[in-house]
Amino acid sequence: MRSVGVVVILAVAIALSISMLIARDAVTAKINTVRSSTGNTITVSPAGFFGGQGGGTPLTTAQITGLLSIPNVTAVQAQLSERLTTSQTNLVTPITAGSLGSRFGGFGGRSGASGSTGTFSVPISVIGTNSPGNSLVGGANGGGTEKLTSGTTFSPTSSADVAIVGTDLATKNKLKVGSTFTAWKTTITVVGIYDAGSTFANADALMPLATVQKLAAATNQITGATVVVNNINNVAAASTAITKKLGSAADVTSTQATVQSQLAPLNSVKDISTYTLIGAVIGAAIILLLSMLMIVRERRREIGVLKALGATNRSVVSQFIAESTTFIVGVIISSPITSALVSASGGSSPGGFVRRGTGFGGGGSGFTPPAGAATGGGGFRFGGTRGLGNTLTQLHTSAGWSTLVFALLAAIVIAALGSTVASATITRIRPAEVLRSE
Amino acid sequence: MLNVENLNKTFKTDGGEVHAVRDVSFHAADGEVVAIIGASGSGKSTLLSLLGLLDAPDEGSIDMNGTQLAHLDAAGRTKYRSRQVGFVFQAFNLIPNLTAKENVKLALEFAEWPKDDRDARAEQMLSMVGLGADKASRRPNKLSGGEQQRVAIARAFSAQPQLILADEPTGSLDRATGQKIVELLRNAANTQKTTVLVVTHDEKIAKQADRRLEIEDGVLTEIA
């Protein structure tokens with residue numbers, strides 16, 4: 001009965017250890033995933049400029065290209081946001097001005113007067129980008145995820161008069177792949193159509209950066225850039241370096257702070273599971289230690305006899321450690337949690353305790369960072385948090401043979417720790433005293 | 001040949017020093033059975049511990065066929081004990097979770113007996129003490145007291161030691177069984193030319209030995 005009690009208590013301690021190990025692994029994996037996918041970008045925009053609003057002076061291509069020389073910067077995606085008024089294009093916006101358009105239409109340089117006094121027509125956003133591919137394989141754009149529904153994308157270095165237009169813009173203007181429209185008195189050919197799942201983003205047009213710079217008479221001008229850093233841990237340093245390099249000409253922001261804030265609950269869970277894991281392992285070791293001491297005391301005579309027969313301290317201690325290891329490994333293997341572990345290749349649970357990321361995103365930048373980064377493009381500081389929110393809403397537990405192997409190794413450590421005092425007791429047993437007490 | 005000269009052992013207790021063994025000297029030839037008799041607390045168990053290298057004497061020498069044993073270090077004593085000394089205890093002291101054969105093999109393992117020969121040697125020794133294969137596979141709790149002591153004797157003699165120390169080997173057995181055990185010890189001593197020291201307080205058992213020694217207050221004297 002006593003042995004059963006010891007086994008049950010030890011099994012509970014070990015089950016708790018394994019559970020904490022799984023939880024810790026899952027949270028650590030999630031943190032790493034979030035960090036690697038959402039937190040390694042820095043947004044650069046002209047000082048005072050925000051998502052097509054505000055003022056300021058455009059950055060230059062040279063300034064943006066120079067950011068590539070900063071340590072740990074792996075890519076710089078530049079864009080030039082322009083707006084086509086009705087006098088500059090034959091396109092008609094699919095967005096109705098509504099009361100919001102009337103209220104904000106003439107504010108902040110967002111003039112898009114149709115020409116009729118007192119009326120306002122939402123201008124058509126054209127985003128010149130040097131990374132169109134990334135914007136069309138899934139990424140945040142004005143709260144939507146862009147997907148190329150027909151046609152192709154254009155080359156990042158293209159200067160051709162081509163465009164990829166949003167679905168709503170295409171529908172409103174009866175555009176198909178191969179159709180043309182006019183912008184800045186130039187005929188632009190539609191090479192692709194995308195769906196971003198957002199009314200605002202679907203009213204945009206993406207064009208090669210060089211083309212927009214040329215047509216809009218904005219040579220070498222850049223209105224935003226997304227700088228991709230190789231690791232989230234280097235974001236702060238890179239951000240500082242960019243600020244130093246560009247000075248007061250640019251507003252430099254990163255998603256790091258947002259990510260860290262989003263990850264705070266996960267880090268807490270990780271810490272708690274780590275401490276609980278350590279506590280459970282120590283608890284198991286103490287239980288085993290006391291059990292071993294009890295066993296050694298009960299088998300004192302046997303130990304004395306073994307020594308009298310010529311057994312060395314080492315061989316007797318080894319035998320007891322082997323017994324305790326077998327005991328604890330047996331408990332682990334027979335544990336229901338272990339069985340579940342082995343059979344589960346991975347499950348998922350909604351991350352209910354993780355607050356979903358905020359999803360600001362006033363409008364699409366037209367492109368997103370490359371694989372591994374999912375923020376909105378330059379000029380849209382908060383667009384990226386939507387992707388972060390999506391990442392955080394699912395927490396996958398992943399456990400299998402590797403965790404079991406780790407648990408077995410932990411068991412051996414527990415057995416070794418638990419056997420230490422017992423071993424010391426064994427070495428102190430003198431066969432002469434044991435046999436004399438017969 | 002066992003030669004013991006001026007062996008002394010003192011213990012410190014709360015009540016002061018206890019001189020458990022005083023200037024003990026004696027010898028025993030190969031194959032000889034020597035009985036040591038004495039009352040409880042006379043020092044016979046301490047003497048057995050010293051001779052079995054379970055304890056180190058304060059003074060004196062123990063010479064076994066030319067090898068000085070008294071002042072070996074702990075590792076040396078363990079090694080010598082595993083190969084040259086066999087123990088037979090009153091309470092048998094078999095390892096409870098091992099079978100009779102495994103108990104015998106354990107002693108062979110400690111003596112570093114060739115691995116391939118241990119099985120056969122254990123069976124041979126069990127057969128020598130009258131235990132067949134059916135008993136060899138049983139654990140101690142499935143054997144009678146006499147059978148357990150036979151296993152203990154088989155274990156003690158298995159590694160062909162030079163010295164057997166038997167501490168009240170018949171103390172837990174009925175007279176008839178005890179007599180058989182004594183005969184077994186005698187036969188084994190003769191067959192293997194092993195010196196056997198039997199500690200007993202049973203005069204009838206002691207009289208069957210080749211020689212008798214009496215210990216009283218740590219002092220050993222030979223009984224004519």
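Helices (H or I, at least four residues) and strands (E, at least two) are DSSP runs, numbered from the N terminus. Welcome to a predicted model, in which local features need pLDDT of at least 70, side-chain atom pairs count only at pLDDT 80 or more, and totals for chains, interfaces and linings use all residues. Residues are numbered from 1 along each chain as its sequence is written, while chains are lettered from A and ligands numbered from 1 in the order in which they are written.

**View 1. Helix H6 of chain B and the residue that follows.** Twelve of the 14 residues are buried, so H6(B) is largely enclosed by the rest of the structure. Buried means that 20 or more other C-beta atoms, placed from the backbone, lie within 10 Å of a residue's own. Among the buried residues are Arg150(B), Ile153(B) and Phe157(B). After H6(B) comes Gln160(B), with a positive phi near 55°.

**View 2. An open sheet in chain B.** Four strands line up in the order S2-S1-S4-S5, with antiparallel pairing (at least two DSSP bridges between two strands). Strands S2 (16–28) and S5 (67–68) of chain B stand at the edges with a single partner strand each, so one side of each is left without a neighbour in the sheet. Five bridges join S1 (residues 2–13) to S4 (residues 59–64) of chain B, and Val4(B) stands opposite Ile62(B).

**View 3. Where chain A meets chain B.** Twelve residues of chain A are in contact with 17 residues of chain B (C-beta atoms, placed from the backbone, within 7 Å). Helices H9 (300–309) and H14 (431–436) of chain A each give two or more residues to this side.

Key. Contact = placed C-beta atoms within 7 Å.
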